[in-house]
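Open your viewer, keep the selection tool at hand, and take the stops in order.

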Amino acid sequence: MKQAYDEMPASSGDDEISVVQLTRLMWRSRRLIAAVILICGIIAAVISLLLPPIYTARVSLLPRDQGTQQNLLGQLASLTNMQLGNGSTYEDLYGQIITSNRVLDRILDEQWSRYAGDEPKPLMELLGSHKRPDASVKTWAERERFKSNLRRQVISFERRAATGYMQINVSLPRWPELAAELANALAGELDAYLQEMSRGRASEQRRFISDRLDEIRIELDAAASSLADFESQNRSFASSPLLSRRHTELTRDLQVQTAVWIELKRQLEIAKIDENKDVIAIEVLDSATVPFVRSAPSRSLITLGGAALGFVLACG
């Protein structure tokens, strides 16, 4: 026990000596350490300069009707057959729409310019995804791979929890004008898609009501003719209990058909109004402008990271 107690100060003293020795060694090698740090920092800075600048264009959106968000969310989910969880928000739905095959196919089928005055070309050619001599030949696999890259690296969607505002982000290397144009185009495609789906459902409802109204009109005319024929053939029906009951049945049928026709007529007018109004739409708070300041890479962080790596290597 005494021996162990006697050894403890010695061990602490050895640690103190080791730290002192290490500090003295680093001080004697300070020039070498500084040189390694400087060289690694310069290499990292050169690498950061060689990396292509990334520019991010942003479109800010907000829902048109904040009071009916949940109703619209459920309606859109049923229209698009998209699977949403219990805590789903507009971010879940809109984010799926702007990266859906339907929207991306429209984007890929259009012609784009990298900057003002540039010759319009398909997006796959501009971003260097397609390098065959015949640029018009694009296989299905190439197209799907390109859309997958757009979803992972180019297009993103976010929602600010504090304000509820949403953003469509498009990040592209070297071409800020193209990034802004793509972001605004995605916002337009999102709005067009939502209104198309909404109006499509309203059109289906209007057609159904209109067809049903035509059927009821035929039945109504038949009921009116039956009642008129009965009254013309049985002018003294009131004196016969059997004929009076038949007259009551025909009158009731005509009243029922009339009530159904009136209700369907009212529903048809409502469907026509719904078909020609923006049931579901977005409002663009801020359109994308050309981002002249790059969003990545962070050259200062890369340089500092290289310097830190140089210090570790020099001390190792």
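Start by selecting R217 and D214: both sit in helix α8, three residues apart, which is about one turn of the helix. Helices here are DSSP runs of H or I with at least four residues, strands are runs of E with at least two, and both are numbered from the N terminus. Show the side chains, and you will find R217 and D214 meeting in a salt bridge, at 2.9 Å from N to O. The term salt bridge stands for a side-chain nitrogen of Lys or Arg within 4 Å of a carboxyl oxygen of Asp or Glu.

Before moving on, a word on what you are looking at: this is a predicted model, in which local features need pLDDT of at least 70 and side-chain atom pairs count only at pLDDT 80 or more, while totals for chains, interfaces and linings use all residues. Residues are numbered from 1 along each chain as its sequence is written, and side-chain values use heavy atoms, with hydrogens and water left out.

Now colour by accessibility. Is R217 buried, partly exposed or exposed? R217 counts as partly exposed because its relative accessibility is 31%, and D214 falls in the partly exposed class at 37%. The classes are buried for under 20% relative accessible area, exposed for over 50%, and partly exposed in between, using a 1.4 Å probe and protein chains only.

E215 is partly exposed, with a relative accessible area of 40%, and R212 is partly exposed at 32%.

Jump to helix α9, residues 241-275, and select R266 and E263, which are about one helical turn apart because three residues separate them. The closest N and O atoms of this salt bridge are 2.6 Å apart. R266 is partly exposed, with a relative accessible area of 43%, and E263 is partly exposed at 36%. Then select D105, D109, R143, E144 and K147 together: salt bridges with shared partners join these residues into one network. How many salt bridges are there by this rule? The count comes to nine.

**Next stop: helix α5 and its neighbours**

Two packed helices are described by the angle between their axes and the distance between the axes. Select α5 (residues 101-109) with helix α7 (residues 140-154): their axes come within 11 Å and cross at roughly 105°. Axes are lines fitted to C-alpha atoms, for helices over the stretch in contact, and angles run from 0 to 180 degrees between N-to-C directions. α5 and α7 are therefore roughly perpendicular to each other; under 35 degrees counts as roughly parallel, over 145 as roughly antiparallel, 65 to 115 as roughly perpendicular and the rest as oblique. To show the contact (heavy atoms within 4.5 Å), pick N101, L104, D105, L108 and D109 of α5 and R143, E144, F146, K147, L150 and R151 of α7.

α5 and α8 pack at an angle of about 130°, with axes 10 Å apart, so α5 is oblique to α8. The residues in contact are R102, V103, R106 and I107 of α5 and L182, A185, L186, E189, Y193, E196 and M197 of α8.

**Next stop: aromatic pairs**

The structure holds two aromatic pairs. Rings of Phe, Tyr and Trp (its six-membered ring) pair if their centres lie within 6.5 Å, and planes under 30 degrees apart count as stacked, over 60 as edge-to-face and the rest as tilted. F230 and F237 form the tilted pair, at 6.1 Å centre to centre and 55° between the planes. F230 counts as buried because its relative accessibility is 10%.

**Last stop: zoom out**

Of its 316 residues, 32% count as buried.
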